[in-house]
Amino acid sequence: MQHLCGLVRRCVDDYGMIEAGDKIAVGISGGKDSLALLVLLHGLMQYYPKPYTLEALTVDMGLGMDFSSVAALCEKLEVPYTVLKTDIGPLIFDIRKEKNPCSMCAKMRRGALNQALADLGCGKVALGHHYDDAVETFFLSLFYEGRISCFQPVTNLDRTGIIQIRPMLYLSEQTISHFAQREQLPVVHNPCPADKHTKRQEVKDLVYELSARYPDLKERVFGAMQRLPLPEWKPAGRYRRPRDPGML
């Protein structure tokens, strides 16, 4: 816990993610990444020199997921938890029968999330993207859009005034998986029909295969994004993220 909180703090400091008095909503999908983010930000909150508060927020897609175990974790951490119920899932899969549902789903979830953040008075939202997500997004943009791009560590949403932060960019997916298992985090099964059948999953599998042949592939891509730098990717005085135990 201490080591991973240290990596989160390093990322937060490198990109100036948190200021004193921030009220930060953690977007909880029920997966291992968002639950780990909640626990680690709660741990960091205990000693970080800039005091902040946390809220937990779930956009319920209407797919029959049970978030009671997540509510129990939030109660244990003394973090307020809100579940925003929607019919996004049935609308996309049953009514519209979208052939490419992920893009439409993402837009609708963002709209619901932004409204909920405004209602809660949260100026920042923390998202559970990690090191592997960043590398995979880089390849997705390159392969399918023909451009060198990735999401930003800190994103200012001008239309809403909300700031998105991604504090786990220095943590690998493997490390997060081990942490979730060790801490027995209440991961909620995702019944989405598109799960594991997306372009992102194809790229994830490809990166995994290439990493067996080129062990430093992900580290080199991540470092390149910081050195180019992509917009907002240059860290404060550093060009390489610290290694974590689970990095392949």
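Student: Let's start with helix 4 and helix 5: at what angle do they pack, and how far apart are their axes?
Tutor: Two packed helices are described by the angle between their axes and the distance between the axes. Here helix 4 (residues 88-95) and helix 5 pack at an angle of about 155°, with 10 Å between their axes. That makes helix 4 roughly antiparallel to helix 5. The words have cut-offs: under 35 degrees is roughly parallel, over 145 roughly antiparallel, 65 to 115 roughly perpendicular, and the rest oblique. Axes are lines fitted to C-alpha atoms, for helices over the stretch in contact, with angles from 0 to 180 degrees between N-to-C directions.

Student: What should I keep in mind about the model itself?
Tutor: It is a predicted model, where local features need pLDDT of at least 70 and side-chain atom pairs count only at pLDDT 80 or more, while totals for chains, interfaces and linings use all residues. Residues are numbered from 1 along each chain as its sequence is written, and side-chain values use heavy atoms, with hydrogens and water left out.

Student: How do helix 2 and helix 3 cross?
Tutor: Helix 2 (residues 32-45) and helix 3 (residues 68-77) have axes that come within 11 Å and cross at roughly 5°. That makes helix 2 roughly parallel to helix 3. Leu35, Leu38, Val39 and His42 from helix 2 touch Val70, Leu73, Cys74 and Leu77 from helix 3, a contact with seven nonpolar, one polar and no charged residues.

Student: And helix 6 with helix 8, how do their axes cross?
Tutor: The axes of helix 6 (residues 131-145) and helix 8 (residues 199-213) come within 9 Å and cross at roughly 110°. Helix 6 is therefore roughly perpendicular to helix 8. The residues in contact include Phe139 and Phe143 of helix 6, and Val203 and Leu206 of helix 8. By class, this contact has seven nonpolar, one polar and six charged residues. Helix 6 passes helix 8 in a right-handed crossing.

Student: Now the sheet: in what order do the strands lie?
Tutor: Strands of a sheet pair through backbone hydrogen bonds, either parallel or antiparallel. In this case six strands form an open sheet with mixed pairing, in the order 3-2-1-4-6-5; two strands pair if DSSP finds at least two bridges between them. Strand 3 (81-85) and strand 5 (154-157) each have a single partner strand, so one side of each is left without a neighbour in the sheet. Neighbouring strands are turned by 25° against each other on average, direction ignored.

Student: Which bridges tie strand 6 to its partners?
Tutor: Strand 5 runs antiparallel to strand 6 (residues 162-165), with four bridges joining them. Among the pairs, Leu157 stands opposite Ile162, Thr155 has Gln164 as its partner, and Val154 is bridged to Ile165. That hairpin has four residues between the strands, and Gly161 takes a positive phi near 80° there. Strand 4 runs parallel to strand 6, joined by three bridges; Val125 has Gln164 as its bridge partner.

Student: What does helix 5 touch in the sheet?
Tutor: Helix 5 (residues 101-120) packs on the sheet, touching strand 1 (23-27), strand 2 (53-60), strand 3, strand 4 (124-126), strand 5 and strand 6. Its direction makes about 145° with that of strand 2.

Student: How many helices and strands does the chain have?
Tutor: Nine helices and six strands, being DSSP runs numbered from the N terminus (helices H or I, at least four residues; strands E, at least two).

Note on methods. Contact means heavy atoms within 4.5 Å. A crossing is left-handed if the near helix is turned anticlockwise from the far one by less than a right angle, and right-handed if clockwise. Ala, Val, Leu, Ile, Met, Phe, Trp, Tyr, Cys and Pro count as nonpolar, Asp, Glu, Lys and Arg as charged, and the others, Gly among them, as polar.
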